[in-house]
Amino acid sequence: MGGWLDWAARRPRLVLALFCLILWAPGVFSLPPLDRDESRFAQASKQMLESGDLVDIRFGHVPRYKKPVGIYWMQSAATAVAGFGERTHIWTYRLPSLLGALATVWLTFWCAGAFLRREVALLAGALLGGTLLLTGEATIATTDAVLTACILGAQAVLFRVWLAANGTIAAPSRWVVLAGWVAFGLAVLVKGPVILAVTGLTAVGLSLWTRQWRWLGGTRPLIGIAIVLAMVAPWVIAIGIKSHWQFFQQSLGNDFATKLAGGQESHGFPPGYFLIALTPSFWPAVLFLLPGLVVALRQHRDPAIRFLLVWLATWVVFELVPTKLPHYVLPLYPVLAILSALWAAWPQAARNWWDKIAFGVAPVQFALGAVVFAAAPVLLPAKYGDGPAWWALAPAVLFVAVAIAALVFYFRRQMLAAALAVLAAPLIAYPLLTAGVGPTLSQLWVSPRLAATLHTLERPGDPPPALAGYIEPSMLFLTGTETRLTDGGASAADAKAGEGGLAVIESREQAAFGARLVQRELEAVEVGAVDGLNYSNGRKVHIRIWRVAPQTWSPPPPAE
(Lines give C-alpha, C1' and ligand atoms only; values in the text may rest on other atoms or scores of the structure.)
Protein backbone atom coordinates (compact mmCIF):
# COMPACT_ATOMS: atom_id res chain seq x y z
CA MET A 1 0.00 0.00 0.00
CA GLY A 2 1.10 3.57 -0.58
CA GLY A 3 2.64 5.40 2.34
CA TRP A 4 -0.09 8.04 2.39
CA LEU A 5 -2.74 5.36 2.65
CA ASP A 6 -0.88 3.55 5.44
CA TRP A 7 -0.61 6.81 7.38
CA ALA A 8 -4.29 7.61 6.94
CA ALA A 9 -5.35 4.06 7.86
CA ARG A 10 -3.95 4.56 11.36
CA ARG A 11 -6.50 7.34 11.98
CA PRO A 12 -9.30 6.47 9.52
CA ARG A 13 -12.31 8.19 11.10
CA LEU A 14 -10.47 11.46 11.59
CA VAL A 15 -9.13 11.42 8.04
CA LEU A 16 -12.55 10.60 6.58
CA ALA A 17 -14.21 13.31 8.67
CA LEU A 18 -11.73 15.99 7.58
CA PHE A 19 -11.96 14.91 3.94
CA CYS A 20 -15.75 14.98 3.93
CA LEU A 21 -16.07 18.25 5.81
CA ILE A 22 -13.80 19.99 3.31
CA LEU A 23 -16.04 18.69 0.54
CA TRP A 24 -19.42 19.29 2.13
CA ALA A 25 -19.27 22.12 4.65
CA PRO A 26 -18.86 24.92 2.05
CA GLY A 27 -22.20 23.99 0.49
CA VAL A 28 -23.94 23.56 3.83
CA PHE A 29 -23.07 27.08 4.92
CA SER A 30 -23.06 29.02 1.63
CA LEU A 31 -26.06 27.85 -0.40
CA PRO A 32 -29.47 29.48 0.24
CA PRO A 33 -32.62 27.42 0.92
CA LEU A 34 -33.30 25.28 -2.12
CA ASP A 35 -36.62 24.48 -3.75
CA ARG A 36 -38.60 22.51 -3.45
CA ASP A 37 -38.08 19.55 -1.14
CA GLU A 38 -35.42 21.08 1.08
CA SER A 39 -37.49 24.15 1.92
CA ARG A 40 -40.57 22.02 2.56
CA PHE A 41 -38.71 19.86 5.06
CA ALA A 42 -37.05 22.84 6.74
CA GLN A 43 -40.28 24.83 6.97
CA ALA A 44 -42.18 21.90 8.46
CA SER A 45 -39.40 21.41 11.00
CA LYS A 46 -39.43 25.13 11.80
CA GLN A 47 -43.19 24.99 12.39
CA MET A 48 -42.66 22.06 14.74
CA LEU A 49 -40.40 24.33 16.80
CA GLU A 50 -42.86 27.22 16.60
CA SER A 51 -45.85 25.16 17.69
CA GLY A 52 -44.12 22.82 20.12
CA ASP A 53 -46.14 19.99 18.57
CA LEU A 54 -43.74 17.06 18.04
CA VAL A 55 -46.43 14.76 16.63
CA ASP A 56 -48.13 16.62 13.80
CA ILE A 57 -46.33 17.69 10.60
CA ARG A 58 -47.51 20.82 8.81
CA PHE A 59 -46.37 23.03 5.97
CA GLY A 60 -47.97 26.42 6.32
CA HIS A 61 -51.60 25.84 7.21
CA VAL A 62 -51.92 22.41 5.63
CA PRO A 63 -50.76 18.95 6.81
CA ARG A 64 -47.60 17.50 5.29
CA TYR A 65 -48.32 13.80 5.50
CA LYS A 66 -45.79 12.33 3.07
CA LYS A 67 -42.94 11.11 5.28
CA PRO A 68 -42.75 9.97 8.92
CA VAL A 69 -41.57 12.27 11.64
CA GLY A 70 -37.94 11.19 12.09
CA ILE A 71 -36.23 13.79 9.91
CA TYR A 72 -38.37 16.60 11.34
CA TRP A 73 -37.35 15.67 14.87
CA MET A 74 -33.69 15.66 13.86
CA GLN A 75 -33.86 18.98 12.02
CA SER A 76 -35.84 20.61 14.84
CA ALA A 77 -33.37 19.37 17.44
CA ALA A 78 -30.38 20.54 15.39
CA THR A 79 -31.89 23.99 14.95
CA ALA A 80 -32.88 24.24 18.61
CA VAL A 81 -29.29 23.45 19.66
CA ALA A 82 -27.22 25.13 16.94
CA GLY A 83 -29.53 28.02 16.08
CA PHE A 84 -29.43 29.67 19.54
CA GLY A 85 -33.02 30.82 19.08
CA GLU A 86 -32.70 31.74 15.39
CA ARG A 87 -34.85 29.54 13.14
CA THR A 88 -34.31 31.00 9.67
CA HIS A 89 -30.72 29.84 9.04
CA ILE A 90 -31.00 26.96 6.62
CA TRP A 91 -27.63 25.48 7.62
CA THR A 92 -28.98 24.38 11.01
CA TYR A 93 -31.60 22.23 9.26
CA ARG A 94 -28.85 20.72 7.10
CA LEU A 95 -26.83 19.42 10.04
CA PRO A 96 -28.65 16.05 10.24
CA SER A 97 -27.88 15.47 6.56
CA LEU A 98 -24.24 16.40 7.09
CA LEU A 99 -23.93 14.04 10.07
CA GLY A 100 -25.92 11.33 8.31
CA ALA A 101 -23.61 11.45 5.29
CA LEU A 102 -20.55 11.33 7.56
CA ALA A 103 -22.04 8.33 9.39
CA THR A 104 -22.58 6.69 5.99
CA VAL A 105 -18.91 7.10 5.13
CA TRP A 106 -17.77 5.76 8.52
CA LEU A 107 -20.15 2.80 8.26
CA THR A 108 -18.87 2.03 4.77
CA PHE A 109 -15.37 1.86 6.26
CA TRP A 110 -16.66 -0.42 9.02
CA CYS A 111 -18.56 -2.61 6.57
CA ALA A 112 -15.58 -3.00 4.26
CA GLY A 113 -13.29 -3.61 7.22
CA ALA A 114 -15.13 -6.84 7.96
CA PHE A 115 -13.22 -8.56 5.13
CA LEU A 116 -10.67 -6.08 3.77
CA ARG A 117 -7.52 -4.45 5.09
CA ARG A 118 -8.00 -1.11 6.82
CA GLU A 119 -6.29 0.75 3.99
CA VAL A 120 -8.75 -0.60 1.42
CA ALA A 121 -11.71 0.01 3.73
CA LEU A 122 -10.53 3.59 4.20
CA LEU A 123 -10.30 4.04 0.44
CA ALA A 124 -13.86 2.71 0.07
CA GLY A 125 -15.17 5.26 2.56
CA ALA A 126 -13.28 8.10 0.89
CA LEU A 127 -14.45 7.15 -2.61
CA LEU A 128 -18.06 7.16 -1.41
CA GLY A 129 -17.61 10.48 0.39
CA GLY A 130 -16.29 12.10 -2.78
CA THR A 131 -19.20 11.07 -4.99
CA LEU A 132 -21.37 13.82 -6.37
CA LEU A 133 -24.61 12.21 -5.15
CA LEU A 134 -23.59 11.82 -1.52
CA THR A 135 -22.06 15.30 -1.55
CA GLY A 136 -25.35 16.73 -2.77
CA GLU A 137 -27.39 14.89 -0.18
CA ALA A 138 -24.97 15.89 2.59
CA THR A 139 -25.54 19.57 1.89
CA ILE A 140 -29.34 19.77 1.74
CA ALA A 141 -31.98 19.36 4.44
CA THR A 142 -33.80 16.28 3.17
CA THR A 143 -34.14 12.67 4.30
CA ASP A 144 -31.77 10.72 2.09
CA ALA A 145 -28.37 11.10 3.74
CA VAL A 146 -29.89 10.17 7.11
CA LEU A 147 -31.88 7.33 5.58
CA THR A 148 -28.77 5.92 3.90
CA ALA A 149 -26.88 5.98 7.20
CA CYS A 150 -29.72 4.12 8.92
CA ILE A 151 -30.04 1.51 6.17
CA LEU A 152 -26.27 1.04 6.07
CA GLY A 153 -26.17 0.62 9.85
CA ALA A 154 -28.62 -2.26 9.62
CA GLN A 155 -27.02 -3.66 6.48
CA ALA A 156 -23.49 -3.63 7.91
CA VAL A 157 -24.65 -5.64 10.93
CA LEU A 158 -26.46 -8.10 8.66
CA PHE A 159 -23.23 -8.40 6.64
CA ARG A 160 -21.24 -9.36 9.73
CA VAL A 161 -23.85 -11.87 10.82
CA TRP A 162 -23.64 -13.45 7.36
CA LEU A 163 -19.83 -13.60 7.40
CA ALA A 164 -19.87 -15.10 10.90
CA ALA A 165 -22.32 -17.79 9.76
CA ASN A 166 -19.88 -18.65 6.96
CA GLY A 167 -16.95 -18.87 9.36
CA THR A 168 -15.19 -15.82 7.99
CA ILE A 169 -15.21 -13.63 11.12
CA ALA A 170 -16.28 -13.87 14.75
CA ALA A 171 -19.97 -13.34 15.43
CA PRO A 172 -20.86 -9.73 16.28
CA SER A 173 -21.78 -9.06 19.88
CA ARG A 174 -25.37 -8.88 21.05
CA TRP A 175 -25.05 -5.11 21.44
CA VAL A 176 -23.84 -4.67 17.88
CA VAL A 177 -26.78 -6.72 16.59
CA LEU A 178 -29.24 -4.70 18.66
CA ALA A 179 -27.65 -1.48 17.38
CA GLY A 180 -28.47 -2.71 13.89
CA TRP A 181 -32.11 -3.03 14.87
CA VAL A 182 -32.05 0.48 16.31
CA ALA A 183 -30.78 1.69 12.94
CA PHE A 184 -33.64 -0.23 11.32
CA GLY A 185 -36.17 1.52 13.57
CA LEU A 186 -34.67 4.92 12.79
CA ALA A 187 -34.93 4.19 9.07
CA VAL A 188 -38.64 3.43 9.49
CA LEU A 189 -39.13 6.70 11.40
CA VAL A 190 -37.34 8.59 8.65
CA LYS A 191 -38.91 7.07 5.53
CA GLY A 192 -41.26 4.26 6.39
CA PRO A 193 -40.87 0.79 4.83
CA VAL A 194 -38.18 1.74 2.27
CA ILE A 195 -35.51 -0.11 4.26
CA LEU A 196 -37.25 -3.41 3.47
CA ALA A 197 -36.40 -2.92 -0.20
CA VAL A 198 -32.71 -3.15 0.72
CA THR A 199 -32.17 -5.03 3.96
CA GLY A 200 -35.21 -7.29 3.66
CA LEU A 201 -34.54 -8.26 0.05
CA THR A 202 -30.85 -8.82 0.75
CA ALA A 203 -31.65 -11.28 3.55
CA VAL A 204 -34.22 -13.10 1.43
CA GLY A 205 -32.04 -13.10 -1.68
CA LEU A 206 -29.03 -14.56 0.13
CA SER A 207 -31.15 -17.24 1.75
CA LEU A 208 -32.71 -18.26 -1.55
CA TRP A 209 -29.37 -18.28 -3.36
CA THR A 210 -27.63 -20.43 -0.76
CA ARG A 211 -30.73 -22.33 0.43
CA GLN A 212 -29.76 -21.40 3.96
CA TRP A 213 -32.09 -19.68 6.41
CA ARG A 214 -30.69 -20.58 9.78
CA TRP A 215 -28.04 -17.85 9.61
CA LEU A 216 -30.81 -15.26 10.08
CA GLY A 217 -31.15 -16.44 13.68
CA GLY A 218 -27.95 -14.51 14.38
CA THR A 219 -29.87 -11.28 13.85
CA ARG A 220 -31.95 -11.99 16.99
CA PRO A 221 -35.19 -11.24 15.10
CA LEU A 222 -37.67 -11.46 17.98
CA ILE A 223 -35.99 -8.93 20.22
CA GLY A 224 -35.08 -6.85 17.16
CA ILE A 225 -38.66 -6.56 15.97
CA ALA A 226 -39.69 -5.66 19.52
CA ILE A 227 -37.14 -2.83 19.53
CA VAL A 228 -38.42 -1.50 16.21
CA LEU A 229 -42.03 -1.59 17.41
CA ALA A 230 -41.09 0.17 20.65
CA MET A 231 -39.40 2.93 18.66
CA VAL A 232 -42.07 3.40 16.00
CA ALA A 233 -45.43 2.52 17.58
CA PRO A 234 -45.82 5.50 19.99
CA TRP A 235 -45.60 8.08 17.24
CA VAL A 236 -47.61 5.96 14.77
CA ILE A 237 -50.49 5.75 17.26
CA ALA A 238 -50.19 9.43 18.18
CA ILE A 239 -50.23 10.71 14.57
CA GLY A 240 -53.07 8.33 13.74
CA ILE A 241 -55.21 9.83 16.47
CA LYS A 242 -54.06 13.39 15.77
CA SER A 243 -54.75 13.19 12.03
CA HIS A 244 -57.84 11.01 12.32
CA TRP A 245 -55.79 8.40 10.43
CA GLN A 246 -55.38 10.71 7.44
CA PHE A 247 -51.59 10.47 7.72
CA PHE A 248 -51.61 6.84 6.57
CA GLN A 249 -54.02 7.49 3.74
CA GLN A 250 -51.85 10.30 2.41
CA SER A 251 -48.38 8.87 3.09
CA LEU A 252 -49.01 5.24 2.15
CA GLY A 253 -52.12 5.50 0.00
CA ASN A 254 -51.24 8.63 -1.94
CA ASP A 255 -47.49 9.32 -1.79
CA PHE A 256 -45.96 5.83 -1.53
CA ALA A 257 -48.54 3.99 -3.66
CA THR A 258 -48.46 6.67 -6.36
CA LYS A 259 -44.70 6.27 -6.71
CA LEU A 260 -45.13 2.54 -7.16
CA ALA A 261 -48.01 2.87 -9.60
CA GLY A 262 -46.68 5.62 -11.86
CA GLY A 263 -44.30 8.54 -12.20
CA GLN A 264 -45.04 11.05 -9.47
CA GLU A 265 -44.54 14.80 -9.91
CA SER A 266 -43.00 14.45 -13.41
CA HIS A 267 -40.33 12.08 -12.09
CA GLY A 268 -41.41 9.02 -14.08
CA PHE A 269 -38.65 7.36 -16.11
CA PRO A 270 -38.24 3.94 -17.75
CA PRO A 271 -35.94 1.22 -16.38
CA GLY A 272 -32.27 2.02 -16.94
CA TYR A 273 -32.52 5.57 -15.62
CA PHE A 274 -30.35 4.88 -12.57
CA LEU A 275 -27.68 3.19 -14.70
CA ILE A 276 -27.47 6.26 -16.92
CA ALA A 277 -27.42 8.58 -13.90
CA LEU A 278 -24.59 6.55 -12.40
CA THR A 279 -21.92 8.26 -14.52
CA PRO A 280 -22.43 11.73 -13.03
CA SER A 281 -23.76 10.73 -9.62
CA PHE A 282 -20.92 8.29 -8.76
CA TRP A 283 -18.23 10.60 -10.13
CA PRO A 284 -15.24 10.60 -9.58
CA ALA A 285 -15.12 7.03 -8.18
CA VAL A 286 -16.69 5.89 -11.45
CA LEU A 287 -13.11 5.56 -12.74
CA PHE A 288 -12.77 2.28 -10.84
CA LEU A 289 -16.36 1.07 -10.87
CA LEU A 290 -16.81 -1.02 -14.03
CA PRO A 291 -13.55 -2.96 -13.61
CA GLY A 292 -14.46 -3.59 -9.98
CA LEU A 293 -17.90 -4.91 -10.92
CA VAL A 294 -16.49 -7.29 -13.54
CA VAL A 295 -13.99 -8.75 -11.08
CA ALA A 296 -16.65 -9.04 -8.36
CA LEU A 297 -18.93 -11.05 -10.65
CA ARG A 298 -16.07 -13.42 -11.30
CA GLN A 299 -15.54 -13.86 -7.55
CA HIS A 300 -19.21 -14.37 -6.67
CA ARG A 301 -18.54 -17.54 -4.68
CA ASP A 302 -16.67 -15.61 -2.02
CA PRO A 303 -19.13 -15.09 0.91
CA ALA A 304 -18.38 -11.38 1.26
CA ILE A 305 -18.63 -10.68 -2.47
CA ARG A 306 -21.80 -12.75 -2.67
CA PHE A 307 -23.45 -10.61 0.01
CA LEU A 308 -22.41 -7.41 -1.78
CA LEU A 309 -23.74 -8.63 -5.10
CA VAL A 310 -27.12 -9.59 -3.62
CA TRP A 311 -27.25 -6.20 -1.90
CA LEU A 312 -26.50 -4.55 -5.23
CA ALA A 313 -29.11 -6.69 -7.01
CA THR A 314 -31.86 -4.80 -5.18
CA TRP A 315 -31.05 -2.12 -7.79
CA VAL A 316 -33.52 -3.94 -10.05
CA VAL A 317 -36.39 -3.08 -7.70
CA PHE A 318 -35.62 0.63 -7.91
CA GLU A 319 -35.37 0.46 -11.70
CA LEU A 320 -38.82 -1.14 -11.86
CA VAL A 321 -40.48 1.54 -9.74
CA PRO A 322 -41.87 4.15 -12.18
CA THR A 323 -41.03 7.19 -10.04
CA LYS A 324 -37.28 7.81 -10.11
CA LEU A 325 -34.94 10.34 -8.56
CA PRO A 326 -31.15 9.85 -8.44
CA HIS A 327 -31.01 9.59 -4.64
CA TYR A 328 -33.33 6.56 -4.50
CA VAL A 329 -30.38 4.20 -5.09
CA LEU A 330 -28.02 5.98 -2.68
CA PRO A 331 -28.23 3.09 -0.12
CA LEU A 332 -26.59 0.88 -2.76
CA TYR A 333 -23.63 3.19 -3.36
CA PRO A 334 -21.58 1.79 -0.46
CA VAL A 335 -21.40 -1.50 -2.39
CA LEU A 336 -20.14 0.32 -5.47
CA ALA A 337 -17.54 2.16 -3.38
CA ILE A 338 -16.28 -1.04 -1.75
CA LEU A 339 -15.95 -2.87 -5.07
CA SER A 340 -14.24 0.16 -6.62
CA ALA A 341 -11.75 0.37 -3.76
CA LEU A 342 -11.10 -3.36 -3.94
CA TRP A 343 -10.12 -3.13 -7.59
CA ALA A 344 -8.11 0.08 -7.13
CA ALA A 345 -6.09 -1.60 -4.38
CA TRP A 346 -5.52 -4.84 -6.32
CA PRO A 347 -6.08 -4.21 -10.05
CA GLN A 348 -6.13 -7.34 -12.15
CA ALA A 349 -4.92 -7.79 -15.67
CA ALA A 350 -7.58 -8.24 -18.34
CA ARG A 351 -8.62 -11.89 -18.69
CA ASN A 352 -11.31 -11.50 -21.32
CA TRP A 353 -13.07 -8.93 -23.45
CA TRP A 354 -15.38 -7.94 -20.56
CA ASP A 355 -12.32 -6.79 -18.61
CA LYS A 356 -11.04 -4.85 -21.61
CA ILE A 357 -14.38 -3.13 -22.19
CA ALA A 358 -14.72 -2.18 -18.53
CA PHE A 359 -11.14 -0.89 -18.42
CA GLY A 360 -11.75 1.25 -21.51
CA VAL A 361 -15.22 2.60 -20.69
CA ALA A 362 -14.51 3.67 -17.09
CA PRO A 363 -12.04 6.47 -18.01
CA VAL A 364 -14.53 7.79 -20.57
CA GLN A 365 -17.14 8.07 -17.82
CA PHE A 366 -14.63 9.83 -15.59
CA ALA A 367 -13.55 12.21 -18.37
CA LEU A 368 -17.13 13.21 -19.16
CA GLY A 369 -17.71 14.28 -15.58
CA ALA A 370 -14.37 16.08 -15.46
CA VAL A 371 -15.24 18.13 -18.55
CA VAL A 372 -18.51 19.28 -16.94
CA PHE A 373 -16.83 20.23 -13.68
CA ALA A 374 -14.07 22.09 -15.50
CA ALA A 375 -16.49 24.15 -17.58
CA ALA A 376 -19.13 24.85 -14.89
CA PRO A 377 -17.17 27.41 -12.80
CA VAL A 378 -16.68 29.61 -15.86
CA LEU A 379 -19.92 29.08 -17.78
CA LEU A 380 -22.48 29.15 -14.95
CA PRO A 381 -21.71 32.72 -13.77
CA ALA A 382 -21.84 33.89 -17.38
CA LYS A 383 -25.34 32.45 -17.81
CA TYR A 384 -26.89 32.92 -14.37
CA GLY A 385 -24.71 35.54 -12.70
CA ASP A 386 -23.25 38.91 -13.57
CA GLY A 387 -20.75 37.65 -16.12
CA PRO A 388 -17.88 35.18 -16.52
CA ALA A 389 -16.04 34.42 -13.29
CA TRP A 390 -12.49 34.78 -14.56
CA TRP A 391 -11.15 34.34 -11.05
CA ALA A 392 -12.39 30.71 -11.22
CA LEU A 393 -10.18 29.97 -14.23
CA ALA A 394 -7.06 29.20 -12.17
CA PRO A 395 -8.69 26.59 -9.88
CA ALA A 396 -10.49 25.14 -12.92
CA VAL A 397 -7.13 24.68 -14.67
CA LEU A 398 -5.72 23.04 -11.54
CA PHE A 399 -8.71 20.72 -11.47
CA VAL A 400 -8.12 19.75 -15.11
CA ALA A 401 -4.48 18.97 -14.34
CA VAL A 402 -5.47 16.70 -11.44
CA ALA A 403 -8.10 14.92 -13.57
CA ILE A 404 -5.59 14.32 -16.35
CA ALA A 405 -3.10 13.00 -13.80
CA ALA A 406 -5.73 10.54 -12.56
CA LEU A 407 -6.20 9.22 -16.11
CA VAL A 408 -2.46 8.97 -16.74
CA PHE A 409 -1.92 6.98 -13.56
CA TYR A 410 -4.92 4.81 -14.44
CA PHE A 411 -3.59 3.80 -17.85
CA ARG A 412 -0.19 3.14 -16.31
CA ARG A 413 -2.01 0.89 -13.81
CA GLN A 414 -0.65 2.91 -10.91
CA MET A 415 -4.03 2.69 -9.25
CA LEU A 416 -3.19 4.04 -5.79
CA ALA A 417 -1.71 7.16 -7.35
CA ALA A 418 -4.80 7.38 -9.56
CA ALA A 419 -6.99 7.05 -6.45
CA LEU A 420 -5.15 9.91 -4.77
CA ALA A 421 -5.76 12.11 -7.81
CA VAL A 422 -9.39 10.97 -7.98
CA LEU A 423 -9.90 12.05 -4.36
CA ALA A 424 -8.09 15.35 -4.91
CA ALA A 425 -10.29 16.34 -7.86
CA PRO A 426 -13.54 16.90 -5.88
CA LEU A 427 -11.56 18.71 -3.16
CA ILE A 428 -11.01 21.39 -5.80
CA ALA A 429 -14.27 21.18 -7.73
CA TYR A 430 -16.95 20.95 -5.04
CA PRO A 431 -15.96 23.89 -2.77
CA LEU A 432 -15.24 25.96 -5.86
CA LEU A 433 -18.79 25.41 -7.10
CA THR A 434 -20.70 25.60 -3.82
CA ALA A 435 -18.85 28.32 -1.89
CA GLY A 436 -17.23 30.16 -4.79
CA VAL A 437 -19.49 30.10 -7.83
CA GLY A 438 -22.83 29.17 -6.24
CA PRO A 439 -23.51 32.41 -4.33
CA THR A 440 -22.78 34.49 -7.47
CA LEU A 441 -25.61 32.90 -9.48
CA SER A 442 -28.01 35.69 -8.59
CA GLN A 443 -30.52 34.86 -11.31
CA LEU A 444 -31.22 31.51 -9.64
CA TRP A 445 -31.60 32.84 -6.09
CA VAL A 446 -34.93 34.58 -6.58
CA SER A 447 -36.33 33.78 -3.13
CA PRO A 448 -33.38 35.14 -1.09
CA ARG A 449 -33.32 38.35 -3.11
CA LEU A 450 -37.08 38.72 -2.91
CA ALA A 451 -37.18 38.06 0.84
CA ALA A 452 -34.41 40.60 1.42
CA THR A 453 -36.30 43.19 -0.62
CA LEU A 454 -39.50 42.57 1.32
CA HIS A 455 -37.60 43.01 4.58
CA THR A 456 -36.46 46.48 3.52
CA LEU A 457 -40.00 47.46 2.45
CA GLU A 458 -41.86 46.24 5.54
CA ARG A 459 -43.44 48.77 7.88
CA PRO A 460 -44.44 48.32 11.49
CA GLY A 461 -47.95 46.93 11.69
CA ASP A 462 -47.92 45.39 8.22
CA PRO A 463 -49.80 42.10 7.92
CA PRO A 464 -47.85 39.16 6.48
CA PRO A 465 -47.14 39.64 2.76
CA ALA A 466 -49.34 37.96 0.14
CA LEU A 467 -47.68 36.00 -2.66
CA ALA A 468 -49.28 35.24 -6.01
CA GLY A 469 -47.72 33.38 -8.91
CA TYR A 470 -44.33 32.82 -7.31
CA ILE A 471 -45.14 30.69 -4.28
CA GLU A 472 -42.08 28.49 -3.92
CA PRO A 473 -41.59 26.83 -0.50
CA SER A 474 -38.37 28.76 0.10
CA MET A 475 -40.40 31.97 0.30
CA LEU A 476 -42.48 30.57 3.14
CA PHE A 477 -39.31 29.52 4.95
CA LEU A 478 -37.65 32.91 4.49
CA THR A 479 -40.64 35.19 5.12
CA GLY A 480 -42.50 33.31 7.84
CA THR A 481 -45.25 30.77 8.37
CA GLU A 482 -48.03 33.36 8.19
CA THR A 483 -47.10 34.46 4.67
CA ARG A 484 -50.18 34.11 2.47
CA LEU A 485 -49.73 31.90 -0.61
CA THR A 486 -52.53 32.81 -2.97
CA ASP A 487 -53.28 34.00 -6.50
CA GLY A 488 -53.82 37.40 -8.00
CA GLY A 489 -57.55 37.05 -8.56
CA ALA A 490 -58.53 35.55 -5.23
CA SER A 491 -57.02 37.46 -2.38
CA ALA A 492 -53.59 38.86 -3.19
CA ALA A 493 -55.20 42.26 -3.49
CA ASP A 494 -57.28 41.70 -0.38
CA ALA A 495 -54.84 42.86 2.24
CA LYS A 496 -55.52 41.01 5.46
CA ALA A 497 -58.83 42.20 6.81
CA GLY A 498 -58.45 45.32 4.68
CA GLU A 499 -55.31 46.38 6.56
CA GLY A 500 -53.19 46.91 3.46
CA GLY A 501 -49.64 45.64 3.21
CA LEU A 502 -47.32 44.12 0.62
CA ALA A 503 -48.51 42.01 -2.30
CA VAL A 504 -45.88 40.08 -4.27
CA ILE A 505 -47.24 39.43 -7.77
CA GLU A 506 -45.55 37.42 -10.51
CA SER A 507 -46.29 38.69 -14.04
CA ARG A 508 -48.67 35.83 -14.87
CA GLU A 509 -50.95 36.94 -12.03
CA GLN A 510 -50.68 40.67 -12.72
CA ALA A 511 -53.90 40.99 -14.73
CA ALA A 512 -55.98 39.16 -12.13
CA PHE A 513 -54.40 41.26 -9.40
CA GLY A 514 -55.27 44.51 -11.19
CA ALA A 515 -58.84 43.38 -11.77
CA ARG A 516 -59.20 42.55 -8.09
CA LEU A 517 -57.92 45.99 -7.11
CA VAL A 518 -60.60 47.61 -9.27
CA GLN A 519 -63.30 45.33 -7.93
CA ARG A 520 -62.40 46.11 -4.33
CA GLU A 521 -61.78 49.81 -5.09
CA LEU A 522 -58.31 49.57 -3.59
CA GLU A 523 -55.18 51.51 -4.41
CA ALA A 524 -51.72 50.00 -4.82
CA VAL A 525 -48.29 51.44 -5.56
CA GLU A 526 -45.41 49.47 -7.03
CA VAL A 527 -42.50 49.66 -4.59
CA GLY A 528 -40.07 47.01 -5.82
CA ALA A 529 -39.25 44.36 -8.40
CA VAL A 530 -37.22 41.17 -8.67
CA ASP A 531 -36.49 39.23 -11.85
CA GLY A 532 -34.77 35.89 -12.28
CA LEU A 533 -35.13 32.22 -13.20
CA ASN A 534 -37.27 29.80 -11.24
CA TYR A 535 -35.01 26.74 -11.49
CA SER A 536 -37.78 24.50 -10.10
CA ASN A 537 -39.72 24.75 -13.36
CA GLY A 538 -37.20 26.39 -15.70
CA ARG A 539 -39.30 29.55 -16.18
CA LYS A 540 -38.16 33.13 -16.05
CA VAL A 541 -40.06 35.14 -13.46
CA HIS A 542 -40.83 38.85 -13.31
CA ILE A 543 -42.07 39.76 -9.85
CA ARG A 544 -43.46 43.11 -8.79
CA ILE A 545 -44.01 44.18 -5.21
CA TRP A 546 -47.02 46.37 -4.47
CA ARG A 547 -48.03 48.22 -1.39
CA VAL A 548 -51.80 48.00 -1.09
CA ALA A 549 -53.43 50.89 0.74
CA PRO A 550 -55.60 49.98 3.73
CA GLN A 551 -59.29 49.69 2.95
CA THR A 552 -61.02 52.91 3.93
CA TRP A 553 -64.57 51.90 3.14
CA SER A 554 -66.85 49.08 4.04
CA PRO A 555 -69.41 47.43 1.75
CA PRO A 556 -72.99 48.66 2.21
CA PRO A 557 -75.24 46.44 4.31
CA PRO A 558 -77.38 43.99 2.36
CA ALA A 559 -80.86 45.21 1.41
CA GLU A 560 -83.65 44.05 3.67
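User: What is the volume of the second largest cavity, and which residues line it?

Analyst: This is a predicted model. In it, the second largest cavity has a volume of about 30 Å³. Its lining includes P33, D35, W445, Y470 and Y535. Helix α21 (residues 446–457) gives the largest share of that lining, three residues.

User: What about the largest cavity: how much space lies in it, and what lines it?

Analyst: About 50 Å³ of space lies there. P291, W343, Q348, A350, D355, A358, F359 and R413 line the largest cavity. Five of these residues are nonpolar, one is polar and two are charged. Helix α18 (residues 353–384) supplies the largest share, three residues.

User: Why is the charged end of R413 said to sit over the ring of F359?

Analyst: One test is distance: CZ of Arg must be within 6 Å of the ring centre. The charged end of R413 is 4.4 Å from the centre of the F359 ring. The other test is direction, within 35 degrees of the ring normal. R413 sits over the ring of F359. R160 likewise has its charged end over a ring, that of W110, at 4.1 Å from the centre.

User: Why is the pair of W181 and F184 called tilted?

Analyst: A search of the whole structure finds 29 aromatic pairs. In this one, the centres are 5.6 Å apart and the planes stand at 45°. Pairing needs centres within 6.5 Å; under 30 degrees is stacked and over 60 is edge-to-face. The angle of 45° falls in the rest, so the pair is tilted. Both residues lie in helix α9 (residues 174–191), three residues apart.

User: How do you know whether W181 and F184 are buried or exposed?

Analyst: Buried means under 20% relative accessible area. W181 has 15%, so W181 counts as buried. F184 has 14%, so F184 counts as buried too.

User: What makes the pair of W315 and Y333 stacked?

Analyst: Their planes are at 0°, so the pair is stacked; the ring centres are 6.5 Å apart. This pair links distant parts of the chain, with W315 in helix α16 (residues 315–320) and Y333 in helix α17 (residues 333–345). Both residues are buried.

Terms used:
Residues are numbered from 1 along each chain as its sequence is written. This is a predicted model: local features need pLDDT of at least 70, side-chain atom pairs count only at pLDDT 80 or more; totals for chains, interfaces and linings use all residues. Side-chain values use heavy atoms; hydrogens and water are left out. On a 1 Å grid over the protein atoms alone, a cavity is a set of points where a 1.4 Å probe fits but cannot get out, and a pocket is an open set with protein on both sides within 12 Å along at least five of seven lines; lining residues have an atom within 4 Å of a point. Grid points are joined across faces, edges and corners, and a volume is the space filled by probe spheres set on the points. Helices (H or I, at least four residues) and strands (E, at least two) are DSSP runs, numbered from the N terminus. Ala, Val, Leu, Ile, Met, Phe, Trp, Tyr, Cys and Pro count as nonpolar, Asp, Glu, Lys and Arg as charged, and the others, Gly among them, as polar. Rings of Phe, Tyr and Trp (its six-membered ring) pair if their centres lie within 6.5 Å; planes under 30 degrees apart count as stacked, over 60 as edge-to-face and the rest as tilted. Buried means under 20% relative accessible area, exposed over 50%, partly exposed in between (1.4 Å probe, protein chains only).
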